[in-house]
Amino acid sequence: MKFKDFQNVEIMEHPLIKHKISLLRDEKTGTTEFRNLVEEIAMLEGYESLKDLPLKDVEVKTPIETCMTPVIDGKKLAIVPILRAGLGMVNGVHALVPSAKVGHIGLYRDPETHEPHEYYCKLPDPIEQRLIVVLDPMLATGGSAIEAVNFIKEHGGKHIKFMCIIAAPEGLEKLAKAHPDIEIYVGNLDRCLNENAYICPGLGDAGDRIFGTK
């Protein structure tokens, strides 16, 4: 399923993703279960978003004979969560590609203007030769995601994918327009943003629910 006319957006339709997102939304879902669900959804989304990884054949000796068989080609994957909520998705993607390097981008949103501000950026080297998967459970206004991708590009990143669990139409459209060259994977497209720039129906503050803070 494509979002409007944006060919770089894919909204997931897998029943397991939809089911697990419904469990995330429930205010009765506790911290441990919430954290586990975020990891599971990230793994399911990662499986789909990494379907175009390049392959090469290598020689392997099985217990029966020697054969040529495919392995992932090229530089290793870079997983880059947007702090802090994005950390909750790292293990899910890392389980798929354990050799992936992990970077971090720290952004906070001004409570009044809702504009993002950077406070930390550390990326694997050489970033320009890697496939970079940016992680953030929530795509609300789109500001943090846009700035995170800007920072990665400024550091030389070229091949970028963005993964989120839920998105508001407003933020998804902004990100798709700002960075038409990246691939965007969304677990569910929610209805809208409210006056406080929270996604509706949403799931609350993902960072607070992942880490058990208020």
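M43 sits in helix 2 (residues 31-49); helices are DSSP runs of H or I with at least four residues, numbered from the N terminus. The model is predicted: local features need pLDDT of at least 70, side-chain atom pairs count only at pLDDT 80 or more, and totals for chains, interfaces and linings use all residues. Residues are numbered from 1 along each chain as its sequence is written, and side-chain values use heavy atoms, without hydrogens and water.

M43 is partly exposed because its relative accessibility is 36% (buried is under 20%, exposed over 50%, partly exposed in between; 1.4 Å probe, protein chains only).

## Helix 4

Helix 4 has twelve residues and spans 16 Å from first to last C-alpha, close to the expected 16 Å at 1.5 Å a residue (1.5 Å times one less than the number of residues). Its buried residues include G143, A148 and F151. G156 follows helix 4, with a positive phi near 105°.

## Salt bridges

The whole structure holds ten salt bridges (a side-chain nitrogen of Lys or Arg within 4 Å of a carboxyl oxygen of Asp or Glu). K153 pairs with D181, the closest N and O atoms being 2.9 Å apart. K153 lies in helix 4 and D181 in the loop between helix 5 (169-178) and strand 11 (183-189), so this pair ties together parts 28 residues apart in sequence. K153 is partly exposed at 28%; D181 is partly exposed at 48%.

K177 and E173 also form a salt bridge, 3.2 Å from N to O. They are four residues apart in helix 5, so about one helical turn separates them. E10, E48 and K51 are linked in a salt-bridge network.

Methods: Helix = DSSP H or I, 4+ residues; strand = E, 2+ residues; numbered from the N terminus.
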